[in-house]
Amino acid sequence: MLTGAFTQEKNEVVVPLRIGEEERYLQFSADPTFPRLLLREELARARKNSVDLFPALGERTIAAVRIASDDRVLRVTFTDGSALLCILFSTKANALLLGRDGSVLDSFKKRTFVPPPPPSWENAITVPRSE
């Protein structure tokens, strides 16, 4: 279960996840010098300088997590068909909230988004679900 998103550092999105009774944090950095994605067990949300992101995201159930086989893209698909896309291209790193039809509903970096050629999801690595 995804429970929203926030930022408290420049170029960083944190997505709290509930896996059973445990909390995990997907930390996405859009730092152009070193874009990265981490899954953390602990993360303290700052009381100041912390802003909620993707207001339309809310709480959603994750259906699948896939990593493109031919690109630096992670796709978290939700049971309603929408998705969170984490794009790890140095100067174009971004996190996008996509509607069921693939349209961009919101983006972390507020700039004109020119989509790259779609990654191949055919041979994507599917992250196994943990119980």
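**Figure 1. Asp52 and its salt bridge with Arg45 in the predicted model.** Asp52 is exposed, because its relative accessible area of 56% lies over the 50% limit for that class. The side chain of Asp52 forms a salt bridge with Arg45, and the closest N and O atoms of this pair are 2.9 Å apart. Arg45 has a relative accessibility of 39% and therefore counts as partly exposed. The structure shown here and in the following views is a predicted model. The number of salt bridges in the model comes to 4, one of them being that between Arg45 and Asp52.

**Figure 2. The salt bridge between Asp80 and Arg60.** The side chains of Asp80 and Arg60 meet in a salt bridge with an N to O distance of 3.1 Å. This pair links distant parts of the chain, 20 residues apart: Asp80 belongs to the loop between strand S9 (73–78) and strand S10 (83–87), whereas Arg60 belongs to strand S7 (residues 59–60). Asp80 counts as partly exposed, at 33% relative accessibility. Arg60, at 14% relative accessibility, counts as buried.

Figure 3. Arg60 lies in strand S7 and is buried, because its relative accessible area of 14% falls under the 20% limit. Leaving aside residues up to four places away in sequence, Arg60 touches Met1, Leu2, Phe78, Asp80 and Ser82. With Asp80, the contact is also a polar one between the two side chains, at 3.1 Å.

**Figure 4. The hairpin of strands S3 and S4.** Strand S3 and strand S4 (residues 22–29) run antiparallel and are joined by 8 bridges. Within this pairing, Leu17 has Arg24 of S4 as its bridge partner. The hairpin has 2 residues between the strands, and Gly20 adopts a positive phi near 65°. Of the 8 residues of S3 (residues 12–19), 6 are buried, so this strand is largely enclosed by the rest of the structure. In a regular strand, side chains alternate between the two faces of the sheet.

**Figure 5. The salt bridge between Glu22 and Arg24.** A salt bridge connects the side chains of Glu22 and Arg24, with 2.7 Å from N to O. Glu22 has a relative accessibility of 43% and so counts as partly exposed.

How values were computed
Residues are numbered from 1 along each chain as its sequence is written. This is a predicted model: local features need pLDDT of at least 70, side-chain atom pairs count only at pLDDT 80 or more; totals for chains, interfaces and linings use all residues. Side-chain values use heavy atoms; hydrogens and water are left out. Buried means under 20% relative accessible area, exposed over 50%, partly exposed in between (1.4 Å probe, protein chains only). Helices (H or I, at least four residues) and strands (E, at least two) are DSSP runs, numbered from the N terminus. Two strands pair if DSSP finds at least two bridges between them. A polar contact is a pair of N or O atoms within 3.5 Å; within protein, one must be able to donate a hydrogen and the other to accept it, and residues adjacent in sequence count only if both atoms are side-chain atoms. Contact means heavy atoms within 4.5 Å.
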